[in-house]
Amino acid sequence: MVGVSDRCPWADHDPAMRAYHDREWGRPVREDAALFERITLEGAQAGLSWATIFQKRPAYRAAFAGFRPERVARFTARDERRLLGDTGIVRNRAKIRSAIRNARAYLDLRDEVGSVADWLGTFGEPATLSKALRSRGFSFVGPTIAESILQAIGVIDGHVPGCTLASRTR
């Protein structure tokens with residue numbers, strides 16, 4: 001069977017990445033754990049390839065309590081040390097601290113706005129989202145990462161011309 005990503009650069013990657021493109025990336029996300037996962041993994045990608053982060057995705061899910069922000073927000077210095085020793089994830093102290101801090105900021109944002117998914121959907125400009133997230137205590141959410149988040153959750157279309165998923169109705 002021909003995948004929808006046949007003309008997208010993702011088509012050159014392994015079947016798991018291709019399936020991620022075809023079934024997950026660029027699709028609306030409503031659940032807190034899935035949204036927090038996208039924010040965390042896009043931040044972890046800073047300076048690295050998506051393929052590297054994608055390969056580590058199962059280890060990230062285990063290390064970060066299934067990306068449940070309520071659990072990650074309670075991580076302590078002991079958890080940080082554990083994560084720094086986890087060879088399955090990117091062992092960057094700043095990125096690990098960011099994920100924990102972002103979990104707390106995520107919960108505060110949810111308390112403030114109700115649906116984080118709906119709130120994220122109001123942004124079409126990555127620089128504006130980046131500024132809004134940073135003002136609420138998030139880190140590793142510069143404009144490039146903010147754009148990646150918006151693409152990953154289907155707010156803006158990141159598919160390349162020729163990909164059959166490009167510009168589909170959201």
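This is a predicted model: local features need pLDDT of at least 70, side-chain atom pairs count only at pLDDT 80 or more; totals for chains, interfaces and linings use all residues.

**Burial, packing and the nonpolar core**

User: Which residues does Ala-105 touch, not counting residues up to four places away in sequence?

Analyst: With that exclusion, Ala-105 touches Arg-136, Gly-137 and Phe-138, where contact means heavy atoms within 4.5 Å.

User: Why does Ser-98 count as buried?

Analyst: The relative accessibility of Ser-98 is 3%, so Ser-98 counts as buried. Ser-98 is also placed in helix 6, and it touches Ser-139 and Phe-140, residues up to four places away in sequence being left out.

User: Why is Ile-100 called buried, and what does Ile-100 touch?

Analyst: Ile-100 has 5% relative accessibility and therefore counts as buried. Its place is in helix 6. Leaving out residues up to four places away in sequence, Ile-100 touches Val-72, Ala-73, Phe-75 and Leu-83. Ile-100 and Glu-80 are 20 residues apart in sequence, and their C-alpha atoms are 8.6 Å apart in space.

User: What makes up the largest nonpolar core?

Analyst: The largest nonpolar core has 49 residues; such a core is a set of buried Ala, Val, Leu, Ile, Met, Phe, Trp, Tyr and Cys residues joined through side-chain atoms within 4.5 Å. Among those with the most contacts inside it are Leu-35, Trp-119 and Leu-129. Helix 6 gives the most to this core, with 8 residues.

User: How do you know that the buried residues of helix 8 line one face?

Analyst: The buried residues in helix 8 are Pro-126, Leu-129, Ser-130, Ala-132 and Leu-133. Seen down the axis of helix 8, they fall within an arc of 165 degrees, so they line one face of the helix; the arc is that of the directions from the helix axis to the C-beta atoms. On the other side, Lys-131 and Ser-135 are exposed. Helix 7 and helix 9 are included in what covers the buried residues of helix 8.

User: What makes the contact of helix 2 with helix 6, by class?

Analyst: Helix 2 (residues 32–45) and helix 6 (residues 93–113) pack at an angle of about 145 degrees, with their axes 10 Å apart. Axes are lines fitted to C-alpha atoms, for helices over the stretch in contact, and angles run from 0 to 180 degrees between N-to-C directions. Residues making the contact include Leu-35 and Phe-36 of helix 2 and Ala-99 and Tyr-106 of helix 6. By class, the contact has 7 nonpolar, 4 polar and 3 charged residues; Ala, Val, Leu, Ile, Met, Phe, Trp, Tyr, Cys and Pro count as nonpolar, Asp, Glu, Lys and Arg as charged, and the others, Gly among them, as polar.

How values were computed: Residues are numbered from 1 along each chain as its sequence is written. Side-chain values use heavy atoms; hydrogens and water are left out. Helices (H or I, at least four residues) and strands (E, at least two) are DSSP runs, numbered from the N terminus. Buried means under 20% relative accessible area, exposed over 50%, partly exposed in between (1.4 Å probe, protein chains only).
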